[in-house]
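Please have the model open beside this note while you read. The points below go from the whole chain to single residues, and each can be checked on the screen.

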Amino acid sequence: MTVQDSVAVQALAARLSPGFILGVASAAFQIEGNLAAGGRGPSGWDAFAEKPGNILHGHSPAVACDHYNRAEEDIGLMRDLGIDSYRFSISWPRIQPGGTGRFNAAGLDFYDRLIDQLLAAGISPMATLYHWDTPLPLEHRGGWMNRTTAERFAEYSAAAGKRFGDRVAQWVTLNEPASVTLNGYALGVHAPGRGLLFDALPSVHHQLLGHGLAVQALRAAGVSGAVGVTNLHSPVRPASGSVTDRLLARVFDLMLNRLYADPILLGRFPRPPLIARPWFRSLRGIPDADLATIHQPLDFYGLNYYYPVKVATGRGGDSPSGPAEEMLKVPFHLAGFPEYELTGFGWPVAPDHLGVLLRELKDRYGESLPPLYITESGASFPEPDHVTGPVPDAGRISYLASHLSQAVEATSPGGIAHDVDLLGYYVWTLMDNFEWAAGYSQRFGLVHVDFETLERTPKESYYWYQALARARRRRGA
């Protein structure tokens with residue numbers, strides 16, 4: 001690290017408030033591998049990945065990072081990194097293979113060991129109950145298009161809360177329900193691969209109902225940790241000042257942001273523009289009892305931020321997750337941001353929009369907005385498959401430094417979102433992994449993984465984050 005980098009790290013550390021959490025995040029399906037080990041059942045993502053053409057280059061998640069067998073090594077990397085907290089997900093089909101009925105002792109034992117090892121390393125566990133791996137038997141019955149999946153999710157959540165509730169500091173019910181609906185059920189580019197477009201909206205209702213039931217189940221189980229949810233949020237802008245661009249941007253803002261946060265935080269679904277109401281007919285007549293269940297008091301709200309979105313009139317075949325044939329059937333497309341550099345995924349690097357997003361959330365939800373964690377923030381960049389030493393990833397260091405700095409500046413006294421209570425920041429992700437439909441082509445990790453040998457090699461961004469954690473700790477000593 002250069003002298004200039006060291007000075008910048010010290011300056012950023014000095015701006016972090018006492019108790020501000022620095023963490024990393026991951027997801028079970030993306031790292032665990034050994035998908036059939038220890039009695040784990042198949043998920044909808046297993047079935048999706050087996051179909052030719054669904055995953056780039058035909059990559060398989062069967063081994064991934066082999067975290068199932070290498071968790072102790074990976075916790076050692078986190079301990080040396082110096083983070084406060086690790087956000088991981090519990091694999092529903094690993095602890096309840098059928099999505100209902102019996103629970104798998106070997107799966108429960110795996111997460112018992114993981115949590116205990118984290119605590120022994122001085123790392124606080126944040127557990128996500130659902131990060132997209134629906135048990136396949138439930139997916140065969142309709143998945144989140146079926147109301148009973150919400151009820152099954154509550155039963156699973158109760159079991160997890162009972163088993164791990166004395167040691168988990170924070171619980172996240174759902175990860176990015178917007179991505180599940182848009183990519184999985186509306187566009188079909190993620191599991192379960194259904195192209196329902198606006199007919200996918202019952203999956204919104206049922207995921208949110210599952211969230212509310214899970215919150216109730218966790219609290220009934222007597223968990224000692226805080227309870228929340230996390231969703232992908234992006235500020236949505238029209239590509240021009242035209243009436244149609246502005247109208248369609250409002251529609252996309254509903255689809256990406258408000259359909260999820262409004263019911264959770266306000267207890268009601270938003271009203272779409274009059275001309276767009278036929279698209280949202282599936283959400284008419286939601287019972288008041290369901291809205292009351294969805295609208296549970298929360299201890300925190302998780303925000304995953306990656307990029308802003310610009311909406312333009314006219315058809316186009318791209319989604320943020322890649323080409324999507326179903327996008328050609330709607331009268332709008334996502335436009336680019338030529339003023340910004342792009343990540344390896346083609347996403348704009350726009351840290352200034354993070355502060356704007358925090359302001360928008362507070363303006364929209366006011367006192368109903370709980371304290372926030374940024375539960376995911378990170379970027380992929382092209383990197384070699386095989387390395388012999390630390391990967392020079394200056395782009396990732398710049399990305400993380402600018403986004404964390406923007407978050408801290410925006411929520412500091414005098415900042416654009418000074419009245420937002422921001423509790424922490426979790427980097428996506430600890431190590432390179434199976435990046436869903438992109439296979440192993442996108443590397444987001446602080447740690448490089450050789451997917452042939454499974455060797456872990458910290459990147460320069462790992463050492464940057466380590467230096468930040470140490471500098472912050474020294475200031476707090």
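Predicted model: local features only at pLDDT ≥ 70, side-chain atom pairs only at ≥ 80, totals over all residues.

1. Residues are numbered from 1 along each chain as its sequence is written, and side-chain values use heavy atoms, with hydrogens and water left out.

2. The secondary structure of the protein chain comes to 15 helices and 15 strands, where helices (H or I, at least four residues) and strands (E, at least two) are DSSP runs numbered from the N terminus. The radius of gyration is 21 Å, close to the 23 Å that the globule rule gives for 477 residues, so the chain is as compact as a globular protein of that length; the radius is taken over C-alpha atoms, and the rule is 2.2 Å times the number of residues to the power 0.38.

3. Buried residues make up 62% of the 477 residues in the chain, with buried meaning under 20% relative accessible area, exposed over 50%, and partly exposed in between (1.4 Å probe, protein chains only). Among contacts (heavy atoms within 4.5 Å) between residues at least 6 apart in sequence, 77% join residues at least 24 apart.

4. The structure holds 32 aromatic pairs. Rings of Phe, Tyr and Trp (its six-membered ring) pair if their centres lie within 6.5 Å, and planes under 30 degrees apart count as stacked, over 60 as edge-to-face and the rest as tilted. The rings of Phe198 and Phe280 have centres 5.6 Å apart and planes at 65°, so this pair is edge-to-face. Phe198 lies in the loop between α9 (177-186) and α10 (202-220), and Phe280, 82 residues apart from it, in the loop between α11 (243-266) and α12 (288-294). Phe198 counts as buried at 12% relative accessibility, and Phe280 counts as buried at 5%.

5. Phe300 and Tyr373 also form an edge-to-face pair, at 5.2 Å centre to centre with 85° between the planes. Because Phe300 lies in strand β7 (residues 300-304) and Tyr373 in strand β12 (residues 372-377), the pair ties together parts that are 73 residues apart in sequence. Phe300 is buried at 0% relative accessibility, and Tyr373 is buried with a relative accessible area of 7%.

6. Helix α14 (residues 394-411) has 18 residues and reaches 26 Å from its first C-alpha to its last, close to the 26 Å expected, that span being 1.5 Å times one less than the number of residues. Its buried residues include Arg396, Tyr399, His403 and Gln406.

7. Asp46 has its place in helix α3 (residues 44-50) and is buried, with a relative accessible area of 10%. Apart from neighbours within four places in sequence, Asp46 is in contact with Phe29, Leu35, Arg40 and Gly41. Phe29 also belongs to a cluster linked by ring pairs, among whose members are Trp45 and Phe48.

8. His448, found in strand β14 (residues 447-449), counts as buried at 0% relative accessibility. Leaving aside neighbours within four places in sequence, its contacts include Pro384, Asp385, Asp432 and Glu455. The side chain of His448 reaches the backbone oxygen of Asp385 at 3.4 Å. By comparison, the C-alpha atoms of His448 and Ala261, 187 residues apart along the chain, are separated by 34 Å.

Technical notes:
Polar contact = N/O pair within 3.5 Å; in protein donor to acceptor, adjacent residues only side chain to side chain.
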